[in-house]
Amino acid sequence: MAVIFDSLALNVITFLSSVTLILYLYFTRKYKLWKNRGIPYINPLPFVGNIKDVVLQKCGAGLYLKTIYDEHKDKPYVGIFAFDQPALVIHDLELIKSVLVKDAHVFIDRKFTVEKARDPLLHNGIFTLKG
């Protein structure tokens, strides 16, 4: 009986360790993106990236982004991660104009969406456009 229990316990521990390792590697696979491109960035935590306080509901997403924006005023932009998705917080006004006006056709299909029936004005806004 002890041999069966030891074998089962070892199998469970091995399985859980493997799943944890696979999840860790999956969620951290993009974490060198900003470093490889030479962009200043905030070091992310595994699984949550840079939004730990937002996930734990210590502050809202807007307040958190404002904090990052204020802490990195000396840089034209800074890279962050929302879970494993890279995002760029831009501080330089000319770069913001370039992204939102001149190169808007490159930055399409926003992740944030609003149903047209609920809010037609926001549905057609620059931050929610699709295609």
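You'll find Lys75 in the loop that runs between helix H4, residues 61-71, and strand S1, residues 77-82. Keep in mind that what we're looking at is a predicted model.

What does Lys75 touch? If we leave out residues up to four places away in sequence, Lys75 touches Pro40 and His91. There's also a distance you can check on screen: the C-alpha atoms of Lys75 and Val89 are 10.0 Å apart, and those two sit 14 residues apart along the chain.

Okay, on to charged pairs. Side chains of opposite charge can pair when their charged atoms come close. How many salt bridges turn up in a search of the whole structure? Three.

Let me take Asp84 and Arg29 to begin with. They form a salt bridge, with 2.7 Å between the closest N and O atoms. This pair links distant parts of the chain, 55 residues apart: Asp84 is in the loop between S1 and strand S2 (85-90), while Arg29 is in the loop between H1 and helix H2 (33-36). Asp84 has 7% relative accessibility, so it counts as buried, whereas Arg29, at 42%, counts as partly exposed.

Now look at helix H4. Asp70 and Lys66 form a salt bridge there, and their closest N and O atoms are 2.7 Å apart. Both residues lie in H4, four residues apart, which is about one turn of the helix. Asp70 is partly exposed, with a relative accessible area of 32%, and Lys66 counts as partly exposed too, at 45%.

And then there's helix H5. The side chains of Glu94 and Lys97 meet in a salt bridge at 3.7 Å, N to O. Why is about one helical turn between them? Because Glu94 and Lys97 are three residues apart in H5. Glu94 comes out at 47% relative accessibility, so partly exposed, and Lys97 is partly exposed as well, at 41%.

While we're in H5, which covers residues 93-102, let me point out Ser98. Ser98 has a relative accessible area of 17%, and the cut-off for buried is under 20%, so Ser98 is buried. Skipping residues up to four places away in sequence, Ser98 touches Asp103 and Ala104.

Where does Tyr24 sit? In helix H1, residues 2-27. Tyr24 counts as partly exposed, with 38% relative accessibility.

Phe47 is partly exposed, at 33% relative accessible area. Here's something to look at in the backbone: Phe47 has a positive phi of about 75°, although it isn't a glycine.

Phe83 is another one for that list. Its phi is positive, about 60°, and Phe83 isn't a glycine. You'll find Phe83 in the loop between S1 and S2, the loop that also holds Asp84. At 37% relative accessibility, Phe83 counts as partly exposed.

That's my tour.

Methods. Residues are numbered from 1 along each chain as its sequence is written. This is a predicted model: local features need pLDDT of at least 70, side-chain atom pairs count only at pLDDT 80 or more; totals for chains, interfaces and linings use all residues. Side-chain values use heavy atoms; hydrogens and water are left out. Helices (H or I, at least four residues) and strands (E, at least two) are DSSP runs, numbered from the N terminus. Buried means under 20% relative accessible area, exposed over 50%, partly exposed in between (1.4 Å probe, protein chains only). Contact means heavy atoms within 4.5 Å. A salt bridge is a side-chain nitrogen of Lys or Arg within 4 Å of a carboxyl oxygen of Asp or Glu.
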